[in-house]
Amino acid sequence: MKKYIGKRLAFTLLVLFGVCTITFFVSRVIPGDPASMWAGPKHTQEQLEAARRELGLDRPLLVQYLDYMGNLLMGDLGVSIRTKQPVLEEVGRRYAATFELVTVSILIALVIGVPMGVISAVRKDKAIDHASRAFSISGVAMPVFWLGLILQMTLHGNLGWFPLQGRIGSMVLIDHPINDITGFYLFDSLITGNWPAFFSSIKYMALPALTMSFASLAIVTRITRSSMLEVMREDYVQTATAYGVSRRTILYKYALKNALIPTITIIGLAYGLMLGGSVLVESIFDWPGLGSYIVLSITRNDFPGIVGSTLVFATTYLTINLIVDLIYFFVDPRIKHPGSKG
Amino acid sequence: MAEVINAHNTPRWERLRYFIHLSKKNPLFLIGVGVVVLLVFAAVFAPWITPYPQDAKYAIKFISKLKPPSMDHFFGTDALGRDIFTRVIFGARMSIKIGVTVLAIALAIGVPLGLVAGYFGGRIDDIIMRLSDIFLAFPSLLLPLVIAAALGPSITNAMIAIAVAWFPWYVRIVRAQVLTVKEQLYVEAARSIGVSRFSILFKHVLPNSMAPVIIQASMDMGYTILTAAGLSFIGVGARPPTVEWGLMITDARAYFLDFWWTVTFPGLAIFVTVLAFNLVGDGLRDILDPKVRD
Amino acid sequence: MDKPILEIKGLKTHFFTYNGVVRAVDGIDLTLNRNEVVGIVGETGCGKSVTVRSTMGLVPEPGRIVAGRVLLDGDNLLAKNDAELRRIRGRRMSMIFQNPLSSLNPVFTIGNQVGHVISIHQGKNKKEALRRAVETFELVRLPDPERLLEKYPHELSGGMLQRVMIAMALSCRPEVLIADEPTTALDVTIQAQILSLMLRLKEDTSTAIIMITHDLGVVAETCDRVAVMYAGLIVERGPVRAIFSEALHPYTEGLLASLPGQQKAGDVLRTIEGLVPDLIHPPAGCRFHPRCPIAQEVCRQEVPELLEKGDGRAVACHFR
């Protein structure tokens, strides 16, 4: 097992290296001159030259690349051309916002999706099955940014139930500041008993989380349903019936445990979708996370910002996939205890 | 009892009839196909079937700006007074173009690579797979985003970006299928009678590996359009005066809260299109996958 | 004479499919006496599995039992509702299946599964149930029974798994045990062990057994009486010795003759000409007539009834 983890880690690092390289070179090609951004508005030619030297843009591309990679190995992600702050710091701050949003969305997808999939399978071909299948099929077809706008239009514009944008009410943040323990507003406010901040955070998170989880919810429902159906057809379900086990026990104990195994794989996929989708969702809801950061970096040719945030995204994604594979390992006894046919 | 062999008994006819029979059992598939056909029709005949074809170009008519849906303007008008219905139809034209272009490129690169990786294995396989893994380590939208930004905002560049970011999926799919097909008895049989490796590759392995690719590609038609719209939404895809659904939505962000139709209809168009292609892909999977058949 | 423990009368089970009605079991009469092993033998698709599944109410969709009675010690099982049937399954009637590995749940331990069956039928708590499971494992001569409780199905060999299944089947001391091709998936040597185990258990626990198989060798070794099925009907029935020494029905004759070992070296292997019939449109009259060497005009027109011939034998043929 340790060998497996070791191999995977090495592999992950290799892939991340590749990601860095590609992102570095691609982002250096973005049209526009980073030096002029660095030098500020209304710069003179001299200031421009100075900026170019400062940023190392006058050196060959390969040298710039090696420099960057060298710094990276020491944990230095460079300085943002746009904000002149260290990228690592900025990314760190914004990461918590994105991660919190994505995790809550995953939870929504699982907590609603799995039961819905199970019910759909158990009541196959009845009304609720048709409804849930219709939802599954349309859920993945819906443009995430459109959904966000529609939700804003209806649940904020027409009904006024939820705020339009942002992560928390600005007045609330001033009156009841949140202790920065993990950077997750929900968690931090909860454990410090900061109820006004907690409820405000929930209200502000509702629409973005709903938007973000929609597609994954559809996928989870669908996979759970088909997995359940497949398991229900297996021989061992028939055996259980032949021994007088009640239908309820068969479904919710014997079948479900088997059916959930494929769902675990989906979690990795869903994370990937959501991390990518954060770019769109955060733009719509003005969510101060990594997604909006990368958009800002792109529009301003801030290549340290671009590479830095892409790196963080990719690392998260790969790590989640690794964890999912490990969970799989623990949950399926066939992998944990390889049989020896005695 | 001799079997009468005529034109309708030959295998090809049988397969076609069976295909039609299976299609009929799958009404959603037919609906999807119907919508796609409608879409292509709209795309091809856009200039002739729309009421205000000039609105797809440079027309600016402030007099009719931001009018709600009516008999004159089925989907209302946007901030520049342009008929949204017309622009949605022209958007279909662009979407089809996007889907076909991206897939053509992605398949042209991905399928051969997947064939080679799966069939020849060894070092080549490792290299190709490592490269694919790097591409696939970027969570969904990110790589197309960065590439599109690098190439400069335009819908053409967005198409290239998406194709480049996506072809590794096809490498993976084709490779996985080739690995299975490679072990089949008929391939072994062909090898044992001395058929050349390339012959086997093209005559046996390739055709039998295409089923998952076809299924994925039909669903990806929809997802490409979705991704391109997303890129346009952010601003690294289509730019004015291109008529593209994602661009229409982002243009409307300034006033959509009070003028719901500016955002609803383009988005609905995307949704229906992607849904249709998904239904087609799903239906094809039911038809082509022997395990799922009766 | 003792009353039979199980009586199947006029059982008909049909499958209502898209292509038509498959008449898988079309009128079966069979009795099982206490302390007896009755075999049901026939080719794949002849309806033997469907017959026994029908007795326990385990017919899958789109199948339905359309006629008949199944009397377990006088009690008609087909008239019972689901709750009542659940109390009988595993408790008064048990079934073991062909493939033990796929018949057990891969993500639960053996102890969990067997123990669960024991606790629902005998109302014992978990510890008691597990203890009882260990006892049953000892009964079927499984080595190291306590450790077995913690193992998962895929960790055991086919032979051991089948013993586990037999243990599970007998754990609540049922009156009838149905064995649906229990040794088909096993090696020949293991097969012999399992069969002799089953016979010994029959004596020890006085459980009557129905043995489903397509293998006449198994029938010869284990069964007291046998019923030969073809295309959904019983064509011959009687004591094993009598049938093996002189079969009455042409189909049974053909089966016995086709066993390798009947011929001398260099002879051609005997087969039964033709194919198993379509059960949606079975042949008119006697269903075997297209393949029967002695078929006459009457066979094409009238279905032969299963008639008693004395000595416990019965045959469905116009000429035997």
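## Contacts and cores

Beyond its neighbours within four places in sequence, Leu145(B) is in contact with Val279(A), Ile298(A), Leu231(B) and Val236(B). Contact here means C-beta atoms, placed from the backbone, within 7 Å. The model is predicted: local features need pLDDT of at least 70, side-chain atom pairs count only at pLDDT 80 or more, and totals for chains, interfaces and linings use all residues. Residues are numbered from 1 along each chain as its sequence is written, while chains are lettered from A and ligands numbered from 1 in the order in which they are written.

Leu145(B) belongs to the largest nonpolar core, of 265 residues. Together with Ala158(B), Val176(C) and Ile210(C), Leu145(B) touches the most other members. A nonpolar core is a set of buried Ala, Val, Leu, Ile, Met, Phe, Trp, Tyr and Cys residues joined through C-beta atoms within 7 Å; buried means 20 or more other C-beta atoms within 10 Å of a residue's own. Helix α3 (residues 84-120) of chain B gives the most to this core, 17 residues. Helices are DSSP runs (H or I, at least four residues), numbered from the N terminus. Apart from this core lies another, of six residues, among them Ala35(A) and Trp38(A).

Two chain contacts follow.

| Contact | Residues on each side |
|---|---|
| Chain A with chain B | 38 residues of chain A, 33 residues of chain B |
| Chain C with chain A | 23 residues of chain C, 21 residues of chain A |

On the side of chain C that touches chain A, α4(C) has the largest share, three residues.

Note on methods: Contact = placed C-beta atoms within 7 Å. Helix = DSSP H or I, 4+ residues; strand = E, 2+ residues; numbered from the N terminus. Buried ≥ 20, exposed ≤ 12 C-beta atoms within 10 Å, placed from the backbone.
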